[in-house]
Amino acid sequence: MIDQIKDFASWFFVSGDPLIYGADVAIALTTAAIIFVLSYFGKWGWLWREWLTTVDHKRVGIMYIIAALLMLFRGGVDALMMRTQLVFPDMKFLSPEHYNEVFTTHGVIMILFMAMPLMFGLFNIAVPLQLGARDVAFPFLNSLSFWLFFFGAMLFNMSFVIGGSPNGGWLSYPPLSELTGSPGVGEDFYIWGIQVSGIGSLMTGINFIVTIVKMRAPGMTWSRVPIFTWSVLSSCIAIIVAFPVLTVTLALLFLDRFLGAHFFTMDGGGNAMMYVNLIWMWGHPEVYIVVLPAFGIYSEVVATFSKKRLFGYGSMVFAMLSISIMAYFTWLHHFFTMGSGANVNIFFAISTMIIAIPTGVKIFNWLFTMFRGRISFTTPMMWTLAFIPCFVVGGMTGVMLSVAPADFQFHNSYFLIAHFHQVLIGGVAFGYFAGLYYWWPKMFGFKLNETIGKWAFWIWNIGFYVCFMPQYVVGLDGMTRRINSYGWDTGWWAMNFTSTIGGFLMGIGFLFQVWQIAHSIKFMEKDTTGDPWGARTLEWSIPSPAPLYNFATTPLVTDRDDWWEEKERIAAGKMPKEKPKLEPIHMPKNSPIPFIQSICWFTVGFGLVFHWLWIAIPGFVGIALTLLAHSFNYDTDYYIPVDEIRQTEAKAGRGV
């Protein structure tokens, strides 16, 4: 019996690596600390009432952002482990198997569990407020979306210490991801972690499309919709088309692994190239899904801190919508070298070059917005300014990669690694940092420290260029991606050493951001105005942090930058808009069902990872019961009385 328990434990728990043991200790200590703090201060009830069961879009957004920053730390540690392994030739820091697991989890975490939730967090914080709405269209679904993401991310991250991490690359191409190439449970963790969180992502896309179409304030015609909200709509259009493709693709891969199907196994009559086509039908639009909202953030920031209306509003909207459509005609440029034929390669090369045009249009729009503007060099603006040259270089190297004959040299080299990090960090991460700094006062009621923020900015940016510029060179010199070791005779060590220094500088920049948040919480620079930046859109017309109901009275929109124009009218001595009479505000009630149902989804995923139907089936039953319970729950809303609204507004220094 004891021997059986030992055999099971050695199979079930990851062992044999000091780094894993260190992670086990860190997880145990962190969990114990959280339990102790919540128990010592008696906060379990508060946690349940205010956060775990909330349907308030602002709190859901904050939880998304916290989870994303934790995933940024995890993905960043993976990156530094890889750079440490490559700092010198013939390093023995990571075993080849562990290295494969680390670069696989790094890619998945950074794209799906860092960039996506950070994006969704900013959606939740800004979009309803920009629209003049009280919440999203489906608050219950919004809460369920977050918890599905969260438990999907936890299921995937669990593989680090239980069962073993996936090691087939961040897109898990067959045959390496089939049972013959990956007989362990790592790939099943990959499939079900992404499946569970992907369902939440699809729900979010649907929710925000309906919110933007149906929840706009009176007078907010399509020509008056804020540009960030337009970028969210473009992104969500791509989400609802792309994510079903991912869901089906991973379902087919799981059927191969679980039931012995042969969709992608060549020896069983399947076709691995079908998987590659399907995964990139999702994968390339995914790049635009995460970068389009960043374009919206840059547009808001540039207009605010240049004290000018955004140049070329109509062309900006057209450019973003056209990108969300053209994104589906470029996927094959990821495998020009795989023998699709010259005509196919030509079509996708041309489509890739065409999609660069609307991106270039936006660059000029931002530059012309800044032209003759009164620019304030705040941290959001600095991240925006840093993005422009970075993304231009990333875009130019992308056009180089779109040339099919040249791609035979660039393909799967470190030139490609440098390119997509330049686009995803310089385009996406910089944009979300700008958005985080920009909307932080609206979330929490205080600004982040500008001095520490600028230190973080410069360290991040210097580290970025030191890290990734050498990778272009070493890639052209023949270093391919995914190798865990190289010899002294290759001549690559100097560039890799330099790149590793840059990676650690970015890690230090992240630590400065953590210090910045901690410092700002302690020495709080409170926002008493609701509009600390002198901004232009409706979210800045209400107190900071925004009250539960957002707007005491529904705003009437008469201009594109309605809040800016209202301030200009008041400054010119004109009367402010007349506000309607206060009325009770209809609001949704909190619900525990999204949290409980997501635990059931986690249970299903965990059971199917280990092929334990005795765990998966109760999880399915739990999902069915929670759906049934919600179907017969009619006590879903309430009204905030007028007296409570007056008290809340008075406390915020607003008369109504």
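Author: Asn412 sits in the loop that runs between α13 (404-410) and α14 (414-444), where helices (H or I, at least four residues) and strands (E, at least two) are DSSP runs numbered from the N terminus. The model is predicted, so local features are taken only at pLDDT of at least 70 and side-chain atom pairs only at pLDDT 80 or more, whereas totals for chains, interfaces and linings use all residues. Residues are numbered from 1 along each chain as its sequence is written, and side-chain values rest on heavy atoms, with hydrogens and water left out.

The phi of Asn412 is near 55 degrees, a positive value in a residue other than glycine. Most residues other than glycine have a negative phi, and most peptide bonds are trans. With a relative accessible area of 28%, Asn412 is partly exposed; that class lies between buried, under 20% relative accessible area, and exposed, over 50%, with a 1.4 Å probe and protein chains only.

Asn550 is placed in the loop between β2 and α17, and at 1% relative accessibility it counts as buried. The loop between β2 (525-526) and α17 (562-571) also holds Pro545, and the peptide bond from Ser544 to Pro545 is cis, with omega near -10 degrees. Another cis peptide bond joins Pro174 and Pro175, with omega about 5 degrees, and Pro175 belongs to the loop between α6 and α7 (186-214).

Returning to helical parts of the chain, Val393 has its place in helix α12 (residues 379-402) and is partly exposed, with a relative accessible area of 32%. Leaving aside neighbours within four places in sequence, Val393 is in contact with Gln422 and Tyr472, contact meaning heavy atoms within 4.5 Å. Between the C-alpha atoms of Val393 and Gly426, which are 33 residues apart along the chain, the separation is 9.7 Å.

Gln513, in helix α16 (residues 493-522), counts as buried at 8% relative accessibility. Its contacts, leaving aside neighbours within four places in sequence, are with Trp383, Phe433, Tyr437, Ala456 and Trp460.

The aromatic side chains deserve a paragraph of their own. The structure holds 77 aromatic pairs, counted when rings of Phe, Tyr and Trp (its six-membered ring) have centres within 6.5 Å, with planes under 30 degrees apart called stacked, over 60 edge-to-face and the rest tilted. The rings of Phe113 and Phe149 have centres 6.3 Å apart and planes at 45 degrees, so this pair is tilted. Because Phe113 lies in helix α5 (residues 96-131) and Phe149 in helix α6 (residues 139-158), the pair ties together parts that are 36 residues apart in sequence, and both residues are buried. Tyr486 and Trp492 likewise form a tilted pair, with ring centres 6.1 Å apart and planes at 50 degrees, and both of these are buried.

Towards the end of the chain, the buried residues of helix α20 (residues 642-651) are Val642, Ile645 and Glu649. Seen down the axis of α20, they fall within an arc of 60 degrees, so they line one face of the helix, the arc being that of the directions from the helix axis to the C-beta atoms. These buried residues pack against β3 (585-588) and β4 (637-640), while Asp643, Gln647, Ala650 and Lys651 are exposed on the other side. Just after α20, Gly653 takes a positive phi of about 80 degrees.

For the chain as a whole, there are 20 helices and four strands. The radius of gyration is 25 Å, close to the 26 Å that the globule rule gives for 656 residues, so the chain is as compact as a globular protein of that length; the radius is taken over C-alpha atoms, and the rule is 2.2 Å times the number of residues to the power 0.38. Buried residues make up 56% of the 656 residues, and of the contacts between residues at least 6 apart in sequence, 82% join residues at least 24 apart.
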